[in-house]
Amino acid sequence: MSRMGDVLAGFHAAWEFDSDSVIIRYERGLRTPKLLSALGERRIPLAAIGRVTLAPGRRGTVVLHAEPRPGADPLMEAAAGQLKDACDPYRLVLPAERETLAEYYADELRDRLSDADAGPAERFLVDAPEVPLSFKAYDGKASFDGSTVRFRWFWTGASSAKWKAGDQRFAVSELTGVEWRSPEVFEGHLRLLRGDGTPTQADQDPATVVFGLGYGPVHESLPFAAAVLAAVRTRGPAAAVAASSPRRDPADIAERIRHLGELHRAGLVTDDEFSVKKAELLSEL
């Protein structure tokens, strides 16, 4: 590897190359995606990286991408492929004139990974976001102290079913996983999985908070989901399930497509976004 402490700076982030890891420091600025600003700094062990690529980016840039191994990072497991490229914490975007330097570091990383196992990791190798964490969803406030998740309902947003159930408290030991749906474009949610059968519709499920535009943004709800998932894998049941959920209820898919259509007709979603999101929803059936 290059000298310990070598730094490669790009747009919104800088990578420092240590003997056994890459330390990524994200900028805190108006142009930096909020998720990256919220993450601040992350240490990525080389053992957590599956492969390294370098490819042309947009508008005279190149992108250095250290792809994590499946199961190595609780943040990426919770995201389940829903992050936009700009919010991917493993992408470093650089000016095209720095391509030669980027290729040098990419080759250095590849040399270190040549003998590593690029398959799924048996446990999380990247630290989860630190607790305590909390965020405001549309129908309640979610908080997590490392051992217990609490949902406190808002009378302005919670369904009657949630009001009847009352504020909720879940010990990590009773959970089997989490399901996070991005709040971008249409409704998202954070569901706590307990292995007790087919999930109820999100707005009726006391184990779920729902959010959308203006509520539970990615930079707050995703680190929260990742921290809960990491705690479940570490201290929860041995049979903890992955962050991605099983096949979804067709009625739930139909309702989400209906709402997506409303956003499309209102001009809040473009034709391309509508087509892509509809195809994603149909693929979950």
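Let me begin with a question: does Arg-191 count as buried or exposed? Please note that we are looking at a predicted model. The relative accessibility of Arg-191 is 4%, and the cut-off for buried is under 20%, so this arginine counts as buried.

Where does Arg-191 sit, and what surrounds it? Its place is in strand E13, which covers residues 188–193. The side chain of Arg-191 has a polar contact of 2.7 Å with the side chain of Asp-205. A further polar contact, at 3.4 Å, links the side chains of Arg-191 and Thr-208. Leaving aside residues up to four places away in sequence, Arg-191 also touches others, including Gly-177, Val-178, Glu-179 and Pro-199.

Let me now turn to the chain as a whole. It has seven helices and 14 strands. Of its 285 residues, 48% count as buried. The accessible surface comes to about 14,600 Å², and carbon and sulfur atoms hold 50% of that area.

Next, the nonpolar interior. In soluble globular proteins, nonpolar side chains tend to be buried together. Here, the largest nonpolar core has 66 residues, and among those touching the most other members are Trp-15, Leu-64 and Leu-222. Helix H5, residues 218–235, provides the largest share of this core, with eleven residues. A second, separate core holds seven residues, among them Phe-186 and Leu-281.

Beyond residues up to four places away in sequence, Leu-222 touches Leu-35, Leu-75, Ala-78, Ala-79, Leu-83 and Trp-180. Thank you for your attention.

Definitions and conventions
Residues are numbered from 1 along each chain as its sequence is written. This is a predicted model: local features need pLDDT of at least 70, side-chain atom pairs count only at pLDDT 80 or more; totals for chains, interfaces and linings use all residues. Side-chain values use heavy atoms; hydrogens and water are left out. A nonpolar core is a set of buried Ala, Val, Leu, Ile, Met, Phe, Trp, Tyr and Cys residues joined through side-chain atoms within 4.5 Å. Buried means under 20% relative accessible area, exposed over 50%, partly exposed in between (1.4 Å probe, protein chains only). Helices (H or I, at least four residues) and strands (E, at least two) are DSSP runs, numbered from the N terminus. Contact means heavy atoms within 4.5 Å. Accessible areas come from the Shrake-Rupley method with a 1.4 Å probe; for residues, only the protein chains shown count as cover. A polar contact is a pair of N or O atoms within 3.5 Å; within protein, one must be able to donate a hydrogen and the other to accept it, and residues adjacent in sequence count only if both atoms are side-chain atoms.
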